[in-house]
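Here's a quick briefing on a predicted model. Have a look at the structure below, then read on.

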There are 2 protein chains.
Amino acid sequence: MTVTDTAAAPATDEELALLDRYWRAANYLSVGQIYLLDNPLLAEPLAPEHIKPRLLGHWGTTPGLNFMYAHCNRAIRARDLDAIFLAGPGHGGPAVVANTYLEGVYSETYPHIGENTEGLRRLFRQFSFPGGIPSHAAPQTPGSINEGGELGYSLMHATGAVFDDPDLLAVCTIGDGEAETGPLATSWHAPAFLDPARDGAVLPILHLNGYKIANPTVLARLPEEQLLSLITGWGWEPFVVSGDDPALMHRAFADVLDTVLDRIAAIQQQARSGERPAGEPARWPMIVFRSPKGWTGPKVVDGQQVEGTFRAHQVPLSEVRTNPEHLRQLEDWLRSYRAEELFDDQGRLLPELAALAPEGDRRMGANPHSNGGLLLKDLELPEFRDYAVRVDAPGAGMTPATTVLGEWLRDVMRLNPTRFRLFGPDETASNRLQAVFGVTDRAWQEPIVDTDDHLATDGRVMEVLSEHLLQGWLEGYLLTGRHGLLNTYEAFAHIVDSMVNQHAKWLHDINGIPWRRDLASLNYLLSSHVWRQDHNGSSHQDPGFIDHVINKKAELARVYLPPDANCLLSVADHVLRSRQYINVIVAGKQPQLDYLTMDEAIAHCTRGVGIWDWASTTDGEPDVVLGSAGEVPTMEALAAADLLRQHLPDLKVRFVNVVDLMRLQSPDEHPHGMDDRDFDAVFTSDKPVVFAFHGYPTLIHRLTYKRQNHSQFHVHGYIEEGTTTTPFDMVMMNRLDRFSLAMHVIDRVPSLGSSQAVLRQRLMDARLAARRYTRVHGEDDPAIANWTWPRA
Amino acid sequence: MTVTDTAAAPATDEELALLDRYWRAANYLSVGQIYLLDNPLLAEPLAPEHIKPRLLGHWGTTPGLNFMYAHCNRAIRARDLDAIFLAGPGHGGPAVVANTYLEGVYSETYPHIGENTEGLRRLFRQFSFPGGIPSHAAPQTPGSINEGGELGYSLMHATGAVFDDPDLLAVCTIGDGEAETGPLATSWHAPAFLDPARDGAVLPILHLNGYKIANPTVLARLPEEQLLSLITGWGWEPFVVSGDDPALMHRAFADVLDTVLDRIAAIQQQARSGERPAGEPARWPMIVFRSPKGWTGPKVVDGQQVEGTFRAHQVPLSEVRTNPEHLRQLEDWLRSYRAEELFDDQGRLLPELAALAPEGDRRMGANPHSNGGLLLKDLELPEFRDYAVRVDAPGAGMTPATTVLGEWLRDVMRLNPTRFRLFGPDETASNRLQAVFGVTDRAWQEPIVDTDDHLATDGRVMEVLSEHLLQGWLEGYLLTGRHGLLNTYEAFAHIVDSMVNQHAKWLHDINGIPWRRDLASLNYLLSSHVWRQDHNGSSHQDPGFIDHVINKKAELARVYLPPDANCLLSVADHVLRSRQYINVIVAGKQPQLDYLTMDEAIAHCTRGVGIWDWASTTDGEPDVVLGSAGEVPTMEALAAADLLRQHLPDLKVRFVNVVDLMRLQSPDEHPHGMDDRDFDAVFTSDKPVVFAFHGYPTLIHRLTYKRQNHSQFHVHGYIEEGTTTTPFDMVMMNRLDRFSLAMHVIDRVPSLGSSQAVLRQRLMDARLAARRYTRVHGEDDPAIANWTWPRA
Ligand SMILES: Cc1ncc(C[n+]2csc(CCOP(=O)(O)OP(=O)(O)O)c2C)c(N)n1
Ligand SMILES: Cc1ncc(C[n+]2csc(CCOP(=O)(O)OP(=O)(O)O)c2C)c(N)n1
Ligand SMILES: [Mg+2]
Ligand SMILES: [Mg+2]
């Protein structure tokens, strides 16, 4: 059942001979995909019209992937392993397609690609062909959870996949070029975080084929001793398989694979029987697989060495249609695999080879972990209403919103011990989610000392100082059917911008692939946000992550800016129930005013946008709309409303708060969008709107530019000004402060303007006085810092 | 003069005793900065009113940084080193400020912070104080080239700083938390790229203080043997200094520092006398410095261990104003440094201590390399007109634009052998810039074999499969006064989004700091762009990097979309001459039509926006404007213009091309902005504008939403659709194709609409036929792919 069921007999020579044929079949199918339009089994001599007009794809990595995949099959059968396969170099798509075809999964998934000559023809033709399939290990590819187009994430995906899944083995091939990326480089620290008792196992296979696109790779050229020292230093036990003679390589690899799987089984057995020594991460085995790039492909093309060099990276023979010598070389190459020993004359894999694949769900292409939605269960969520902050009057009391959320999350973690994890770069406590440590700890396999805080081998809070690693682990966890939340500094969420892109593409593709099931959403809590970097200043101030996410498909992107603790609870509950989204919640960890009772908060968050009548001075047509989105801007906008009602009691102000940013768009742009009638009802079609926004002002313009009243939208937000200073100085630097907002109202309401020049000047003076106060006292004027909404 | 002037006498005990006092002085100043408003030398008993109301900053890392800095001073004096200091944990700002103050640089730079008691008072007060200085090693801090707020970039900055600067030593402290980040983890591969003959030396000091914010660090908890194995594996020779007894630590560190500097000198001497063995990277020394976090600070606070734990990270005593016990502890702590042995009664550092600092520019705070603009010289640029493509008629011939650029860049590299480098993730050749290999190679210190291509120890083309590393190296190179260009896949530029943010903040701050000199711009060439991912498909398709850059301050952000090779040359020349910008050029590597002669190209790029009369059917008021920006969209828009002139000869079309995207904004938003009169003259104030854009359509809306005619802007661009397919299928998927554009013109020009229903249907059919063609033939219909602008 699991890797723990150990020790298989060594491979016999016959087995290895069959395995070699299986590998040849996979190689044949891979070359076929790259080159052939027709004549799939070379029933007739190869002719130019059998060749694709555009030769696209990557051969170099492919034979190595095929080799590893075939050997994994043997191990799975011998040990009944529950295993998935990650192709780090996802550009080796032909390999994953070929193997899932050979094991029968491909034809089950895509019946028009049958197990016969016509099926082969279609399999070949569709690859990188218009209307066909992508060149990478994409969501369309059965068995894949790692597209591998943007290199660097395979090992973190593999690691996330096995959290809380003790029976799973993630075999992870890693390109030696990929290994140069930062994300991959830090992924090697997995043993410090993987619990051999509660988690499954990762088997990294470092694919040292020596080259990337045009260069050798750093790791492949290290003296072997140094490479082993490096791997040992990362905490793994390396096993090297190296060579280019297939027969020798089969023997060596089969034996090493047996050894490492025994090792894994022993580690798991020890840990699961409680005999693991404390404070010693398991020394997991890994394999260094050194083989020629483009192995078994053309050796020399046009006088230049190709096999074993960077020239094998993409398409080794590039002029097959026009250059008869290339055509001949291709035919020789294809025939070198001796398809007649692999397929019958109907184009079906010979039975003795087909028998080498595992069966049913044990086939790596059919393993449900690679289609995580199949395994996904809803979270059991505690009733969030029970965690509500009591609000007797709006804007009177203060709560740090994340503290409250932490209590709810604690119980989420209690109720879902194997399918929810919390991720953060060393900031769970500083983000005030520390209540979760009431039920679990931070995962940590290294030694633990007295002065440490809430570390445990089986902790479910993942903390490491790498936003990449956290994101990648979380993705791996989600892709295999679980749930999670990543909390991080708002500014540093940009570190994973490109990873978000890739995950968004994956989610988008799932929506178009009937056999792929929906995944739990990718959830962010940005709680150390731009407005409260009291300790850190400018480098920690950037609210642009939401701009980035909004560029994703509307079907995926969701952005929430809950103004207080109860709204945060309501939003968080919604988000953890959702599927297939990228949810970004921005909510601070500092005490902030509470406005809404839980019932009001639920109504407000469900609506996404609401008029706050208690903060408005009219129920009817206003003279001006004060809009806000985000916790700090909402407080400033309310304080501005307070100023206006004191100084201009006749001014009719409508106060609008936006929680769900996507509501601002129109329904044809986003499913949450408000139609124009709704929008105009809330924001009017002709009155000035002074809007206090958490992020870059352009984002609001971008969302609303089509609205009739858009030219009257005046947005205050982050304009890239900031340093280490007081919270109010920070909003003043960006003209998001109450005084600036109130002045802007005066400027924009036609009836005020010059008649209120004195008031305007007083507000300006108040700004200057507030600034001066900070310069003298080093903190904000208490009259400002302690402002609350006046009781009726 | 250089590290090569080797071997200093070992430190005497007297020297070390002095050095300890110097260190105490730095620690004293650091604690003073975090806590004190007044009473800087404790002339009177410490009272609550001497304490800052907001206690902000990071103590934990600071004593370690102070220790290293003081020891570097000794080495600089002993060996006359040309050295800079990078604080990886840039939150240790107090340490860098304290040290540059002690060496006199701070008061020279900021005369109001004098070397006396009042100066000390101001020095303390300003830190993390409104109107004062940031908490980090920011641009405001003399000597810094690494803000260290977003952790992970210190070692790559240090490496970039020493490229082509053989006499420079970059001492780089690295936080053990920082070392967990992906970017830092891959930075250790520097020895594979650093040429000991042509480049300077980096001395990494891994600061194992055991903790990050709330957690232990992975590296600090590894068994020492494993840690050394890891460091050796990365290719460095580790030297460990470990302990907490200051006297022992001073001796140990001084000796180790002497040893490693001797080692560096020996490596350089060997390499520079030509005796370096080929294919063996230098085994550079590095130091592991293990000392308690918050060393010399309070041991126990409120019953909890603080020194040597994560609790020392920020402010160890947090209630000094209100808790008398905290106040007492702070006073004891401050007095433990015995300021009376460090400063005279005027508050001036005692002369025997002041004498420990190096002199003049040898002081690390004054080293001109840390204010690179001081050293920056203009590039010698070859006359770009000489590289022009001959254009006899617009849109008739084809050139891959980057090939032409490569020829010019080759000569840039020839003319500037020590101050220009080209950076790219293994794609210089695939981006067709291979001409550069005519004058230099790829930097590579590992073994080189026959089949390798253009590798050399002293190469100046930097290729590694890490966008982070390339970006960080380039930043380090720019920050020390040199020039460079990074070419990368457009989609994968997002990998460095957050690094761009940090560099943008640095540039912005420079503009406000009189003593900081301007730097060369940060230049990107995105040439494997969204529209031509023929081999790769969806994961490689994302044009959002320009959206990201445009969120930066207008003073910094520049985006160019040259439509052809001559325009690319003109833009590139402009960009390499510029300072203080972030320039993004998007230009493809595939053959594209040439439109403009060199003179026309220069005029067009200087204007930034131009009406192409040869592609328009009127010189006067048009019925419709066809706009375009970007190479592929421009071709499609021209092909649409061609269709329109064939089918609707009476339609008055104006064709507008945009090279400089910032022109679309108004001048109050961006210095390149067009005023409304200009804008309306070009785009009309009331005619439909059908705009074909390279990136996300919302970007054009965001730039133009204030224009009078904005509601008539209809933008076609990337709508997140794509896969591995033909170029024309790709534009069709996103409705950016010529037929869709022409149909949109019909839909929007009031006089056409229903009267042209037949034509519209034909265009629709043409789209379908084009798609069908790809499905059948696997390539684009030659009638489409080979389209050229019709000769007059
Ligand atoms: C982050 C990233 N940068 C650049 C590329 C472009 N690229 C595609 S394949 C490749 C080389 C990969 O080399 P390696 O990981 O060794 O894979 P293999 O040799 O097995 O093909 C590169 C640089 C990429 N896919 N991802
Ligand atoms: C990329 C990034 N993520 C998170 C943080 C938040 N942060 C600030 S300091 C710190 C801990 C740093 O630990 P270390 O590098 O060991 O520095 P030191 O112990 O010397 O303070 C963290 C996680 C950050 N600054 N940068
Ligand atoms: Mg490789
Ligand atoms: Mg540390």
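Helix α17(A) is largely enclosed by the rest of the structure, because eleven of its 13 residues are buried (under 20% relative accessible area with a 1.4 Å probe, protein chains only). This is a predicted model, where local features need pLDDT of at least 70, side-chain atom pairs count only at pLDDT 80 or more, and totals for chains, interfaces and linings use all residues. Residues are numbered from 1 along each chain as its sequence is written, chains are lettered from A in the order in which they are written, and side-chain values use heavy atoms, leaving out hydrogens and water.

**Helix α17(A)**
- Among the buried residues are A:Cys567, A:Leu568, A:Asp573 and A:Leu576.
- The helix (a DSSP run of H or I, at least four residues) covers residues 565–577 and should span 18 Å at 1.5 Å a residue, which agrees with the 19 Å between its end C-alpha atoms.

**Chain A meets chain B**
- 118 residues of chain B touch 118 residues of chain A (heavy atoms within 4.5 Å).
- The two chains bury about 9,500 Å² between them, 52% of it on carbon and sulfur atoms (accessible area lost on being put together, 1.4 Å probe, summed over both).
- On the chain B side, B:Arg221, B:Leu465 and B:His535 lose the most area to chain A, together 8% of what that side buries.

**Second largest pocket**
- About 1,600 Å³ of space lies here (an open set of points on a 1 Å grid, with protein on both sides within 12 Å along at least five of seven lines; lining residues have an atom within 4 Å of a point).
- Its 50 lining residues include A:Gln314 and B:His535, both among the closest to its centre.

Notes: Helix = DSSP H or I, 4+ residues; strand = E, 2+ residues; numbered from the N terminus. Expected span 1.5 Å × (residues − 1). Buried < 20%, exposed > 50% of the residue type's maximum accessible area, 1.4 Å probe, protein only. 1 Å grid on protein atoms, 1.4 Å probe; cavity = no way out; pocket = protein on both sides within 12 Å on 5 of 7 lines; lining within 4 Å. Points joined across faces, edges and corners; volume = space filled by probe spheres on them.
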